[in-house]
Amino acid sequence: MTNTKARTAALITPVGQEAQDEARALAADGRTGKAVRRLRRGSWLKRGPAREAVEMLAGGHALPTSSAQALDALRRLDAALVTELSALLDDGQQIAAVKLLRERTGVDLAGGYHLVLELGGEPGTR
């Protein structure tokens with residue numbers, strides 16, 4: 001996974017606000033490893049994206065806390081991908097949509113599945 005994919009996965013994976021706050025505090029205390037573990041425990045982040053997420057949190061960036069916010073972030077990052085995913089969903093190809101999302105972003109299976117479900121539940125999709 002490239003740093004770009006890890007960063008993208010971190011930006012589109014929902015993480016609870018409490019986990020974000022705790023990880024931010026741990027990182028501020030120089031306990032980056034514990035911050036990464038805290039984020040992984042409170043989300044579907046893999047190790048690489050969790051490290052990227054800790055860096056972003058330490059820099060003052062907030063992560064999405066819901067699938068809807070994650071989908072909004074994905075739209076800002078790659079609107080063309082969202083269009084492709086919507087077309088797959090319109091054709092009834094949910095599994096293909098999840099595979100494409102995972103391939104392009106590095107997001108894990110659960111995170112990809114939930115984002116595709118969120119996109120599929122929007123008006124105009126399906």
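Predicted model: local features only at pLDDT ≥ 70, side-chain atom pairs only at ≥ 80, totals over all residues.
The residues of α8 concerned are Gly111, Gly112, Leu115, Val116, Leu119 and Gly120. Viewed down the axis of α8, these buried residues fall within an arc of 165°, so they line one face of the helix. An α-helix has 3.6 residues a turn, so positions three or four places apart point the same way.

Helix α8 covers residues 109-120, twelve residues in total. From its first C-alpha to its last, α8 reaches 16 Å, close to the 16 Å expected at 1.5 Å a residue.

Thr8 is located in helix α1, which runs over residues 3-11. The cut-off for a buried residue is under 20% relative accessible area; Thr8 has 16% relative accessibility and therefore counts as buried. Apart from neighbours within four places in sequence, Thr8 is in contact with Leu77 and Thr105.

Glu52 belongs to helix α4, residues 47-58. Its relative accessibility is 9%, so Glu52 also counts as buried. With residues up to four places away in sequence not counted, Glu52 touches Asn3, Ala6, Arg7 and Ala10.

The accessibility values and contacts of these two residues are set out here.

| Residue | Relative accessibility | Contacts beyond four places in sequence |
|---|---|---|
| Thr8 | 16% | Leu77, Thr105 |
| Glu52 | 9% | Asn3, Ala6, Arg7, Ala10 |

Definitions and conventions. Residues numbered from 1 in each chain as written. Heavy atoms only, no water. Helix = DSSP H or I, 4+ residues; strand = E, 2+ residues; numbered from the N terminus. Buried < 20%, exposed > 50% of the residue type's maximum accessible area, 1.4 Å probe, protein only. Contact = heavy atoms within 4.5 Å. Expected span 1.5 Å × (residues − 1). Arc of directions from axis to C-beta.
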